Amino acid sequence: MRNRSAGELPAEATSFVGRREELALLDTCLRQARLVTLTGPGGVGKTRTAVRGAHRLRSRFPDGVALVPLSALADPRLLPNTVAAALDLPEQTALPAQDALAAYLKDKTALLILDTCEHLVDACAVLAEELLRAAPQLHVVATSRQPLDVAGEHILPVPPLDVADSGPAEDALRLFTDRAAAAVPGFTVDDDNRADVLALCRRLDGIPLAIELAVSRLRVLSPEEMLNRLDHRFQLLTGGRRTAVPRHQTLRTTIGWSYELSTGPERLLWSRLAVCAGEFSLEVAEAVGAEAGGAGDALPAGDVLDALIGLVEKSVVLRVESEDGTRYRMLDTIREFGLEQLGPGAEEERTRRRHRDHFLRRARLFEAGWTGDRQVELLRQMVRDQADVRVALEFCLADPDDASAGLRMATLLWGYWHCAGLLTEGRYWLRRALDRCPEDRPERVKALWLTCWFMDLQGERGDTYALLDEAEAVALRIDDRTGLAWARAFRHHTRYFRGRTDGVAEGFEAARRELAAQGDTTGLLMSGFFVGFFHVLNGGTGEGIALCEDSLRRNADTPAELWSRGWALWVKSIGLWLKGDHPESIECARQGIRAKAQLHELMGIAHFLEGFAWRAAELRHFERVAVLQGAADALWRRAVKEPRFGIPVLHDLHGGAADAAREALGNDGYDTAFAEGGRLPVDGAVELALADEAAPAAPAVPAQPPGPGDGLTPRQRQVAGLVARGLTNREIAEKLVISKRTVDAHVEHILAKFGFTSRSQIPAALAGPVPTRPD
């Protein structure tokens, strides 16, 4: 389950016009400095320029280019979390997010784009300085209306498109022509209207957003009529003075003109949708924008779609197409104008409450369906709406009339915090909600044991027992039997995570009986693999496997439920392995890693990769062991403070496989393959794990006789031999049962070692046959 993540560079929905000089300067600046800030007024095209430049420079950053959109972020304390999400770095480590980022990026040659920093300029400056200090090969591009004011920062102003009276205004004219052709099929700039179009572009000071907004009016006005109306509006605003209007006023004037030319329902919807922080769906537009009221404020739900279509046609709202359907968004400057029209007061309060209420309903639906067949869909929706979830939570916690709404919402989203790798952010909202709402209530009990659970997973012990003491005390005072059972279950969870086993089994079983008595099906589903894990690790493999099978039976009627099914399969696979049923264990792992891959749950994927490495060691596929362990290690370093939950049994299994692989491959061979695994993307690691394990085993004596290709690793000599036999990279991958990406990497390393530019040079360079393992 994965949308385009926040960090991936977006595809350009419209053509890119001009900016040749700025793009060249960006290239030059990034060769001279590690922090470059693109500055300029709103609507001038800073983001488009940064993204286009990043597309052109990707090859210089082998560890990736990540875009971090910040316009939707209001709380500077969540800036490191937002950057971590863009880098696909889960918050499942107890390290502060800023430290986790620094550790992850320290050896990366990467480019980070912090987009729209002006409202978080101090926080962005501190974070950029820290990351650049920690990661010597990292480069940062920021876009902001003002510099970050950090030592070593290079400022690159992004001016409006050239529209000097004496110049040709080529780029501004090209932009107008391109957008006009899309807005009004058949429209062209010709000798009859060229002068008016040029005058219009100059009147708009060459600001791209202003030009695009003006173009949207071509459906009803000619360039001449538009120019006359804009001239009239500028004269009204400046009192008839002929002096130049400042560029920020030019954009505001153009946006204001679009606002006035919109219908009454469109204006209402524009201002109300401005409370949305990120992309939004029609459902959100209807929930936030519709209101029955007085004549001036009424916007029936049935009229929202027509108003939204009108705003799209006027380029006020942008349509965004994705695999999940059509969504919409506003550019920052347009949203800011809308918020001004909404204004502080009763109208803003009602709108924000509608926004909050919609996402609170969504949170209720999320928890109700989390262990059902809509799990992937519900998780995808929450990931996609993260910015608005934050806005809704912030409003909940600021609401003097109902602070408990924040506690409800933060606890309802527990599955989202866990599965999306947002344990740190989940704890942030739970802590704030607990402080804001101290009254005894079931949500408080739940928030306390959730916080304890998340701390256990992050390897942070802290005050977990105190949290559970309070949870039990509150549950007893309000007779919350279900909450009491959960709190007691996590007391024993915490104990065995701290290495204590006495009384844990009995305590878990008592909690399970109470959950059954309360009819808590989710509790029984989850406690099956919680208790099963304890038994498996403490000699009771049969009992542990039986509990996992009970959990799997309980969700048999919901085959699209993947989260709890995946964890039950993982625990069962460990039990089967320790019991000696290794083929059955791997079959469980195959099912489980597919489930975790659909959810993009990195911690779960890492656990399963370890099991596949044990099997590879048993089959003497030692390079596969190293690659799988390298891939798992990369995920562990991203996901948690301590790999394998710090469990000694799991460490021993890992170490045994690694030792066997090192003995067979030698330290250099193991380290090379391990590093290759660490470079695999997540889907590549999963693909490798699921590849047919019936590959040829390594020879009893791993060393190969010297021959052509000396200086290559054993695997590289093997790949070189298959290249010499005429096999394609995909055919080599199938023969060796490794991913094509791994073969691609081997071939690149072979070419680099020989100084070649083409794989066709490899056969001729070999003085004799390159030794290969038997087919």
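This is a predicted model: local features need pLDDT of at least 70, side-chain atom pairs count only at pLDDT 80 or more; totals for chains, interfaces and linings use all residues.
## A guided tour of the model

Residues are numbered from 1 along each chain as its sequence is written, and side-chain values use heavy atoms, leaving out hydrogens and water.

Now colour by secondary structure to see 36 helices and seven strands (DSSP runs numbered from the N terminus: helices are H or I with at least four residues, strands E with at least two). Of the 775 residues, 57% are buried (under 20% relative accessible area, 1.4 Å probe, protein chains only).

Next, select Leu112, Leu148, Phe176, Met409, Trp453, Trp563 and Leu609, which touch the most other members of the largest nonpolar core, a group of 217 residues. Such a core joins buried Ala, Val, Leu, Ile, Met, Phe, Trp, Tyr and Cys residues through side-chain atoms within 4.5 Å. Helix α29 (residues 602-618) gives this core its largest share, 11 residues.

Zoom in on Leu148: beyond its neighbours within four places in sequence, its contacts (heavy atoms within 4.5 Å) include Leu35, Cys117 and Glu153.

Finally, select helix α28 (residues 582-599): its 18 residues should span 26 Å at 1.5 Å a residue, and its end C-alpha atoms are 26 Å apart, which agrees (the expected span is 1.5 Å times one less than the number of residues). Its buried residues, including Ile586 and Leu599, pack against α16, α19, α27, α29 and α32. Just after α28, stop at His600, with its positive phi of about 55°.

Terms used:
Buried means under 20% relative accessible area, exposed over 50%, partly exposed in between (1.4 Å probe, protein chains only).
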